[in-house]
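The sequence and structure come next.

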Amino acid sequence: MKRLLMAAVAATLTATGAFAQDYPTKPIVFVVPFAAGGPTDKVARDLAEAMRKPLGGQIIIENVAGAGGTLGQTKVAKATPDGYTLLVAHIAMATAPALYRNLQYKTLEDFEYLGMINEVPMTLISRPTLPANNYAELSKWINDNKGKINLANAGLGSASHLCGLLFQSSIKVEMVTVPYKGTGPAMTDLIGGQVDLMCDQTTNTTPQIEGGKVKAFAVTTPKRLSTPALKDLPTLDEAGLKGFQVAIWHALYAPKGTPKPILEKLNAALKAALKDPDFVKREEALGAVIVSDDRVNPEGHKKFVESEINKWGPIIRAAGTYAD
C-alpha cells in the first residue's frame, strides 16, 4: 500500500510538471476588476502585451467591474486554479477587507501572490484661489479654517478617498468630505473653486498642475519626484508628516492552489515584462514607477499587502464609512 501511495504521488508530481512545462496551451485571462479604459485596465493591457512573449501564449482581458473591484476579485478567488484565470488588481486588495464587511473571499488566504507591477504617486492639490502657495502656508490655512474645509474625492474607496482619510488622520483635522462619481467631476469642481482640496494620482493631477489650473503642495512618496512639473514639490514626510506614504500599486494574482511550477513560470514572465523597454516606457508615460524590489517576488508581495491591510484597516474603521 505504501509503495502504491508513493507511486501515485510521483505520478501526480510528474503530471503537474509536464503540465507546467507545456503551459500555456490556451489563452490566459487577465481579470480586471474595473471598467475598460481606466488606469488599472491600461496597466493590465500593457502588462498582457509584455508577458505574451516570455509566456509564448495569448493573454486576453476580461473587465468585471463593480462593488469597488470586489466582484472581479471574487471571480478569480473562486476560479479553477489552473493558471488560466489571473487577476490584475490595485490597492483595493488591501482596503476591501475594511471597506466591505461581507467579502466573499479572504485576501491573504484565497490567492496566490505572483508579484507587484508598479506604483503611482499622489499629489496634494487645491483650488487655484486658495490663499496658500506652499505647504507651510497651507498648513496654517487649514488650522485657521477648521470645520469649514471641503475635501473632494472620486468616490468611496477611491485612491483620492484613501489619501484624504490618511491626510486627515495625520494632521488630526477633520474635513467635510465631498465624494464624487469619479475623478473627472471632482477635478472640475476643484478647478472651479467649489471644493478646497483633493489628493489624487499624478496621472490625473499632473496636466492640471502644468496648466496652472490647480495649486500643488506636496507629493505622497518617500522621495521627491523627477517629473518636471512636480520636481520642486516637497514630500509630505519632509513637510512634517513623518512616515506619510500613499501610492496606488498594481499587482498580479492567481487563485489559491495553482500548481507551483505554473506560479514560478508566471513570476518569471512578470519579471521579464517589468524589464521590457516598451512596457517601462508606457508606465512612465502614466506617471507610474516600476516595482524593482523584493515585492516582485511572491513572498515580498504578500508581506507588503499584509502591511497595507494593517495600515488602512484602522484608518477606514475609524472613519466609520463602509461600502456595503
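Helix 2 passes helix 9 in a right-handed crossing. The model is predicted. The axes of helix 2 (residues 39-55) and helix 9 (residues 260-274) come within 8 Å and cross at roughly 120°. That angle makes helix 2 oblique to helix 9.

Which residues form this contact? Helix 2 brings Leu47, Ala50, Met51, Pro54 and Leu55. Helix 9 answers with Lys265, Leu266, Ala269, Leu270, Ala272 and Ala273. By class, the contact of helix 2 with helix 9 counts 10 nonpolar, no polar and one charged residues.

Helix 2 also packs with helix 10 (residues 277-285), at an angle of about 170°. Their axes lie 9 Å apart. The angle is over 145°, so helix 2 counts as roughly antiparallel to helix 10. On the helix 2 side, the contact uses Val43, Asp46, Leu47, Glu49 and Ala50. On the helix 10 side are Phe279, Arg282 and Glu283. This contact has four nonpolar, no polar and four charged residues.

| Partner of helix 2 | Axis angle | Axis distance |
|---|---|---|
| helix 9 (residues 260-274) | roughly 120° | within 8 Å |
| helix 10 (residues 277-285) | about 170° | 9 Å |

Asp41 is found in helix 2. Is Asp41 buried or exposed? Its relative accessible area is 4%, under the 20% cut-off, so Asp41 is buried. Leaving aside neighbours within four places in sequence, Asp41 touches Val32, Ala35, Ala36, Ile61 and Asn63.

Now the cores. The largest nonpolar core has 86 residues. Which of its residues touch the most other members? They are Phe30, Met51, Leu138, Trp249 and Tyr253. Met51 also sits in the contact of helix 2 with helix 9. Beyond neighbours within four places in sequence, Phe30 is in contact with residues including Ala44, Leu47, Ala48 and Met51. Other contacts of Phe30 include Ile59, Ile60, Ile61, Glu62, Leu86, Val88 and Leu252. A second, separate core holds 15 residues, among them Ala152, Val195, Ile209 and Ala216.

Helix 4 (residues 92-99) is mostly covered, with seven of its eight residues buried. Those buried are Ala92, Met93, Ala94, Thr95, Ala96, Ala98 and Leu99. What do they pack against? The helices are helix 3 (70-77), helix 6 (159-171) and helix 11 (298-319). The strands are strand 3 (85-90), strand 4 (111-120) and strand 10 (248-255).

Methods: Residues numbered from 1 in each chain as written. Predicted model: local features only at pLDDT ≥ 70, side-chain atom pairs only at ≥ 80, totals over all residues. Heavy atoms only, no water. Axes fitted to C-alpha atoms, helices over the stretch in contact; angles between N-to-C directions. Helix = DSSP H or I, 4+ residues; strand = E, 2+ residues; numbered from the N terminus. Parallel < 35°, antiparallel > 145°, perpendicular 65-115°, else oblique. Left-handed = near helix turned anticlockwise from the far one by under 90°. Contact = heavy atoms within 4.5 Å. Nonpolar A, V, L, I, M, F, W, Y, C, P; charged D, E, K, R; others polar. Core = buried A, V, L, I, M, F, W, Y, C linked by side-chain atoms within 4.5 Å. Buried < 20%, exposed > 50% of the residue type's maximum accessible area, 1.4 Å probe, protein only.
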